[in-house]
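Thanks, everyone. Please have the sequence and the structure open while I talk. I will start with charged pairs and finish with the cores.

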Amino acid sequence: MRSHRCPSSTPAGTGKSAPPTGAGLALIAGLFIACTLAARGEDPVPEEPLPSSSDYTSTQTNPVAPPPSPSGLLGAFDARNLTLGGESVPENISSGEPRRFHYRLQLTVRGVWDDNIFISNTNRISDYYFAIEPMITVGFGDVEGRGGNYIRLDYLPSIVLFVDHSNEDAISNLIHLDGQYSFSRLKLWFSQDVDILDGANLNSTLDTTGLLANVDVSTPTRLNLFITRVRANYDLTPKVFLTGEFDAQIYDYPDFISSEIISGGLYINYNWTPKVTVGIGATAGYDFVDDPNPDQTFEQVNARLTYQMTGKLNFYASAGVEFRQFDGNRSERTTPVFELGATYHPFDGTSITLAGVRRMLPSGFFPDQDFATTSVVLRIQQRLLQRVYLGVVAGYENDDYFGTATGVNATRDDNYYFVEPSVDVLITRFLSAGVYYLHRQDDSSIASFSFYDNQVGVRATIRF
């Protein structure tokens, strides 16, 4: 039986859970230390950028099979190839075979001044906080290139401790699992994200600085986010292959409106040239939304294009139209949808990524309302003097609300944007330090949801 959580028409407080206890902190530390001891003596995975310097995802670069898609909240491409240090792990020279088991351990500590910790329109409260973020990555197979078979797990607990508002201390747990396996004509790929978020941000294992705020709810709260994606490619001929898709997304709000979205699709693709693949197909799905909101069904027809130029440019785009029906007497709604992602390496030490998506999501705050969210994220990283890394991330999101039941007048429209420049220095192979500035702002047609926020942070990362 689905629960009935119907919020009021104004923000319903912070929805905070109890502050983290000493036992909770000890549990996180114990898990990290145990994983560290278990992984000692094995081969590390390649170095990766600091949490704020690259994207998921998800967010989230996968091979042509499956095509990359914005599974993460930050967009389409997993830009783990934006390395800090630029050093790859060589193969096992003595055996002449690539390593099979990999691990990476790192600890990032951030000190941040935030001038609006509640992302509030009127009650602007500033504070300093410290973020302690250990991370462990373990994998087996082609974890680095991701062209062959592999499985990889990333776990990142994020512990936030405020100086003056200790009652707002929080622990978030971010888990990402993905893998790939190929048969003679069949290739399978999957990913699973589990994000237990406590606060106002939509963080992922690839970014914890708060680029994406929870604009829909627009207040610190608890959100348990589960995203599952499965892809299967089957070669019919050397040039034609089928793609089967399954997606499940669960937005679990203990204090607001929860929803579950399940969808599946089938696409036929044609390798037009060795670098260009085109495809067409359809997706259908069902949205389960907490009462009193109506459940929904939807169908999409999409055309796709993938362009891969080895080492320089990779591009993926999908565009089409969605038809959405609602339980009850509200008429069908037709709207365009798209997703895109690109990575570009014009020069040595320069990386540019672009991700964009337009999709429909049930509101977690307003009953009987969905919103069409359209977002674009651009990331640029430049290496200087082999040790200095300049980065900038900028993004824009529009959320346009509409009623899901007859007689509902949905008037909210939000325009959210952010920009985050950063500088990081690789002090040694194992230690880096940097500074960043984040400005984010939401201009909403409902004034109480508007806010602006500035953050200045320093950080240090140790890799083991």
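Start at Glu133, which forms a salt bridge with Arg110; the closest N and O atoms are 2.9 Å apart. By salt bridge I mean a side-chain nitrogen of Lys or Arg within 4 Å of a carboxyl oxygen of Asp or Glu. Because Glu133 sits in strand S3 (residues 127–141) and Arg110 in strand S2 (residues 101–114), the pair ties together parts that are 23 residues apart in sequence. Strands here are DSSP runs of E, at least two residues long, and helices are runs of H or I, at least four, numbered from the N terminus.

Are these two side chains buried or exposed? Glu133 has 1% relative accessibility and therefore counts as buried. Arg110, at 3%, counts as buried too. The cut-offs are under 20% relative accessible area for buried, over 50% for exposed, and partly exposed in between, with a 1.4 Å probe and protein chains only.

Before going on, a word on the source. This is a predicted model, in which local features need pLDDT of at least 70 and side-chain atom pairs count only at pLDDT 80 or more, while totals for chains, interfaces and linings use all residues. Residues are numbered from 1 along each chain as its sequence is written, and side-chain values use heavy atoms, with hydrogens and water left out.

pLDDT is the predictor's confidence in each residue, from 0 to 100. Its mean over the protein chain is 82, and 79% of the residues reach 70 or more. Over residues 1–97 it stays under 50. For that stretch the model has 278 contacts beyond four places in sequence, a contact being heavy atoms within 4.5 Å.

Overall, the protein chain has one helix and 19 strands. Of its 464 residues, 53% are buried. The chain exposes about 19000 Å², with carbon and sulfur atoms supplying 64% of that; areas come from the Shrake-Rupley method with a 1.4 Å probe, and for residues only the protein chains shown count as cover.

Back to the charges. How many salt bridges does a search of the whole structure find? It finds 13. One of them joins Asp247 and Arg229, at 2.8 Å from N to O. Asp247 is in strand S8 (residues 240–252) and Arg229 in strand S7, so to speak of distant parts of the chain, they are 18 residues apart. Both Asp247 and Arg229 are buried.

Glu245 also forms a salt bridge, with Arg304, and there the closest N and O atoms are 2.5 Å apart. Since Glu245 lies in strand S8 and Arg304 in strand S11 (residues 296–309), this pair ties together parts 59 residues apart in sequence. Glu245 and Arg304 are buried. Shared partners join Arg229, Arg231, Glu245, Asp247 and Arg304 into one network of salt bridges.

Now the nonpolar cores, meaning sets of buried Ala, Val, Leu, Ile, Met, Phe, Trp, Tyr and Cys residues joined through side-chain atoms within 4.5 Å. The largest has 32 residues, and Leu223, Tyr251, Phe365, Tyr416 and Phe418 have the most contacts inside it. At least two residues each come from strand S7 (221–235), strand S15 (369–384), strand S16 (388–403) and strand S17 (413–426). S7 gives the most, with three. A second, separate core has eight residues, including Val112, Ile117, Val160 and Tyr436.

Last, Thr205, in the loop between strand S6 (186–199) and S7. Thr205 counts as buried because its relative accessibility is 7%. Its C-alpha atom is 7.0 Å from that of His176, 29 residues apart along the chain.
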